Amino acid sequence: MKDFDLSAFLADLRTLCAIDSGHFNAPGTAAVADFFESRYRALGLKTERRYYDNNDFAPFLTARNSEDEQIDVLFVAHMDTVFPVGTGAQWPLEVDADGLAHGPGCIDCKGGCLSLYYLLRQMLQAGDCRFRFCVAMNSDEERGSAYSRPYFEALAQKSRYCFVFEPGRPNEEFVSQRKGGANYIFKCHGISAHSGVEPEKGAVNELYKLNDFAAGTTVNVGRFDGGGDNGAVPDYAECTLSYRYLDASALDRLEALLQRMQAEPFDPRTHMEIIQKSLRPAMQPHAATYALLDELERAGEAVGQKVTCLVTGGGSDGNFISHYGVATLDGCGPCGGKMYTREEYLMTKTVEQRLDLMYVLLTRLFRRCPD
């Protein structure tokens with residue numbers, strides 16, 4: 001990309017990674033929002049910051065170049081990380097001899113947020129933004145986007161394309177498909193009894209095991225709590241369930257099974273409460289997405305980059321947007337890996353590569369639009 005300065009990018013990224021912006025950290029998420037809001041305003045964009053349901057820890061920041069309700073391109077990235085307060089000071093961003101930048105949130109997703117800003121700044125300065133866009137950045141993605149989901153869904157219904165600046169993968173792939181996910185709490189109520197004298201009078205529900213690996217459907221029981229003294233058959237147990245799927249009909253089958261489990265318990269003396277904690281639809285390619293992927297491949301040829309896409313089990317905010325029929329491309333940020341760990345890294349060589357590719361893709365998509 002013309003006049004791209006990697007050292008300036010890394011200096012900005014170092015500043016961002018030094019800000020702790022984990023969940024419920026209101027000062028940290030506000031500081032990241034301040035960083036980007038001031039920069040987008042300096043580009044002449046209209047910015048807005050919202051807090052769903054009056055919370056003070058998960059700002060949702062938008063920046064637009066048009067007053068129109070309709071959006072040609074929705075750009076998405078998240079400002080929050082998974083790291084606790086103090087991590088930024090203990091682990092400042094550094095670049096090693098292999099050109100890998102290491103720092104908290106450098107690839108997931110502060111590098112993506114920053115890359116998006118650099119892309120739009122260059123396009124605006126060059127007069128190449130021949131489309132109506134909205135940047136939408138949230139601060140609760142790592143916890144399922146419970147607060148920001150309604151905002152994304154409202155924007156999705158007005159958008160034509162969506163580019164999600166989550167990280168590109170270590171082999172430089174984009175993401176074209178993501179599994180959906182649903183999380184539940186199971187509260188199983190049984191009957192307590194003495195384990196030695198009359199254990200047959202005790203009862204507790206049984207959780208059915210569901211997995212269909214061939215279809216991409218997985219079930220994982222996470223935390224499990226229950227039991228007590230060895231002398232008593234417990235009358236209560238609780239567990240969490242994470243369900244991931246590619247085929248939307250898999251969720252319907254799970255819901256039917258859960259209803260049956262509640263209506264027809266393994267033991268009639270028991271009952272079960274099933275509470276859905278979160279739900280994220282699968283990001284499935286459709287006709288508009290395939291057309292976008294064709295344009296991406298041609299843009300890659302124009303800049304000498306081989307384009308590949310993959311399917312991943314992890315979800316993103318792109319899942320919500322794709323659900324409304326929006327042509328969605330994920331993994332548009334710089335490439336890297338080992339997210340959520342102290343070994344998280346960003347491949348610095350991919351920053352400008354991704355910017356070049358996205359610049360060409362956007363100009364190709366809107367080359368017939370009037371100035």
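Predicted model: local features only at pLDDT ≥ 70, side-chain atom pairs only at ≥ 80, totals over all residues.

Q: Which residue other than glycine has a phi near 70°?
A: Most residues other than glycine have a negative phi, and most peptide bonds are trans. Phe-24 has a positive phi, near 70°, and it belongs to the loop between α1 (6-17) and α2. With a relative accessibility of 53%, Phe-24 counts as exposed; the cut-offs are under 20% relative accessible area for buried, over 50% for exposed and in between for partly exposed (1.4 Å probe, protein chains only). Asn-54 is not a glycine either, yet its phi is positive at about 65°. Asn-54 is in the loop between β1 and β2 and is exposed, its relative accessible area being 74%.

Q: What kind of peptide bond joins Asp-108 and Cys-109?
A: The bond between Asp-108 and Cys-109 is cis, with omega about 10°. Cys-109 is part of helix α4.

Q: How many of the 20 residues of α4 are buried?
A: In α4, 17 of the 20 residues are buried, so the helix is largely enclosed by the rest of the structure. Leu-116 is an example from helix α4: its relative accessible area is 0%, which makes it buried. Leaving out residues up to four places away in sequence, Leu-116 touches Tyr-40, Phe-75, Val-135 and Phe-165, where contact means heavy atoms within 4.5 Å.

Q: At what angle do the axes of helix α2 and helix α4 cross?
A: The axis of helix α2 (residues 26-42) crosses that of helix α4 (residues 106-125) at roughly 5°, and the two come within 11 Å. This makes α2 roughly parallel to α4. Axes are lines fitted to C-alpha atoms, for helices over the stretch in contact, with angles from 0 to 180 degrees between N-to-C directions; under 35 degrees counts as roughly parallel, over 145 as roughly antiparallel, 65 to 115 as roughly perpendicular and the rest as oblique.

Q: Which residues in α2 and α4 meet?
A: From α2 come Val-32, Phe-35, Phe-36, Arg-39 and Tyr-40, and they meet Lys-110, Cys-113, Leu-114, Leu-116, Tyr-117 and Leu-120 in α4. By class, this contact of α2 with α4 has nine nonpolar, no polar and two charged residues. Here Ala, Val, Leu, Ile, Met, Phe, Trp, Tyr, Cys and Pro count as nonpolar, Asp, Glu, Lys and Arg as charged, and the others, Gly among them, as polar.

Q: Which are the buried residues of helix α5?
A: Helix α5 (residues 149-156) buries Tyr-151, Phe-152, Glu-153, Leu-155 and Ala-156. These residues of α5 pack against β1 (46-50), β2 (60-64), β3 (71-78), β6 (133-138), β7 (159-164) and α8 (318-322).

Q: Is Thr-62 buried or exposed?
A: Thr-62, in strand β2, is buried, with 5% relative accessible area. Beyond residues up to four places away in sequence, Thr-62 touches Lys-46, Thr-47, Glu-48, Arg-50, Cys-134, Val-135 and Ala-136.

Q: What volume does the largest pocket have?
A: The largest pocket has a volume of about 570 Å³. Its lining has 28 residues, of which Glu-141, Arg-244, Arg-280, Gly-315 and Tyr-340 are the closest to the pocket's centre. The elements giving two or more residues to that lining are β9 (180-189), β13 (236-245) and β14 (271-280); β9 gives the most, four residues. By class, the lining of the largest pocket has seven nonpolar, 11 polar and 10 charged residues. On a 1 Å grid over the protein atoms alone, a cavity is a set of points where a 1.4 Å probe fits but cannot get out, and a pocket is an open set with protein on both sides within 12 Å along at least five of seven lines; lining residues have an atom within 4 Å of a point. Grid points are joined across faces, edges and corners, and a volume is the space filled by probe spheres set on the points.

Q: How many cavities of 30 Å³ or more does the structure hold?
A: There are two cavities of 30 Å³ or more, and the second largest cavity has a volume of about 40 Å³. Residues lining the second largest cavity include Cys-17, Asp-20, Phe-83 and Lys-110. That lining comprises five nonpolar, three polar and two charged residues.

Methods. Residues numbered from 1 in each chain as written. Heavy atoms only, no water.
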